[in-house]
Amino acid sequence: MNSKPGQAVNDVVKVYGPGGPLGPIKEVAEQFTKETGIKVEVTAGPEEKWIDQAKQDADIIYGGSEYMLTDFMLNHPGIINEKSRTELYSRAAGILVRKGNPKNIQSLEDLTKKGVKIVDVNGAGQLGLWEDLAGRKGLIPGISRNIAISVKSSAEAIELWKANSKFDAWITYESWHYRLSDVTDLVQLPEEDKLYRGTPVSITSKSENKKKAKQFIDYLKTEESHQVFQKWGWK
C-alpha cells in the first residue's frame, strides 16, 4: 500500500509481525481505515524478511505468542515501548492433517502410530507447543519419534506441506487451518487437552505516530475486532 502523493509518511501506521495473525489483523486494519480514514500497512512473515525495514519505520510490532514478542525485545533491545504492550486474544493449538484425513488422525495419541509423519515448527510461536501437549499425556517419546522434519517458521512448514504430500500432520494453531483450508483439515483437540497462547502487540519507542498507533490498538481490542479474530480461529 503506497502513500498517496503529498501524504506524509507518518500518516500511515506501519505494523510488522509474523505471518500467523496476518489474516485477522489485516481484515481489522481495512475496517479501521474505512471507519477512520487512517491508513494501516501490515507487513507479515518471518522476521528476517522485515526487521531491517521495521527498525526504520515501525509503529507497531505484534507477536504470534507472548514468548515470541519477548524474544523480539531481547534480540532487538530498545525498539519496543514495553509500557504499551498489550494482549489481544488467545488461540488454541490443534492438528492440521491432509484433506480428507487419509491417516484418520483424531487425537494426539494417533500421532504416535507407525507411519505418521509430522512437521514440527521449532519457533514462530510454536516453540515447545507439541512437547507441552504431548507431555501431559505421556506421549513425548511416541510423537518425537514421528517428527519427520523440524523447521524454524510456519512459512517453511507451509512450503513443505504443499510440496510434499508425505507429511501427514502438523501440530500448530487452529488458526492456520483458516489460511490453509484448501490443503488442510483441522482436528480440534478436546477442551481439556487444548493449549492456548496469546497474541501480544506493542507500539515502538521511535514511532512518530504514537497517537494513531494507539488508536489502532484500541480498535483491535473492540468486540467488533474480537469477532474478526474469532472467525480466523482465535478464542
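Helix 1 and helix 9 are roughly antiparallel to each other, a label given to angles over 145 degrees. In this predicted model, helix 1, residues 22-36, packs against helix 9, residues 223-231, at an angle of about 150°, with the axes 9 Å apart. The axes are lines fitted to C-alpha atoms over the stretch in contact, and angles run from 0 to 180 degrees between N-to-C directions. Helices here are DSSP runs of H or I with at least four residues, and strands are E runs of at least two, numbered from the N terminus.

Contact means heavy atoms within 4.5 Å. On the helix 1 side, Pro24, Ile25, Glu27, Val28, Gln31 and Glu35 make the contact, and helix 9 contributes Glu224, Ser225, Val228, Phe229 and Lys231.

On the sources: residues are numbered from 1 along each chain as its sequence is written, and side-chain values use heavy atoms, without hydrogens and water. As the model is predicted, local features need pLDDT of at least 70 and side-chain atom pairs count only at pLDDT 80 or more, while totals for chains, interfaces and linings use all residues.

I turn to strand 8, residues 169-173. Of its 5 residues, 5 are buried, that is, under 20% relative accessible area with a 1.4 Å probe, protein chains only. Strand 8 pairs with strand 5 in the antiparallel sense over 5 bridges, and with strand 6 in the parallel sense over 2 bridges; pairing requires at least two DSSP bridges. Ala169 is the bridge partner of Val97, and Ile118 also stands opposite Ala169.

Finally, Ser65 lies in the loop between strand 3 and helix 3. Ser65 is buried, at a relative accessible area of 1%. Beyond its neighbours within four places in sequence, Ser65 contacts Gly125, Tyr173, Arg197, Gly198 and Pro200.

Methods. Parallel < 35°, antiparallel > 145°, perpendicular 65-115°, else oblique. Buried < 20%, exposed > 50% of the residue type's maximum accessible area, 1.4 Å probe, protein only.
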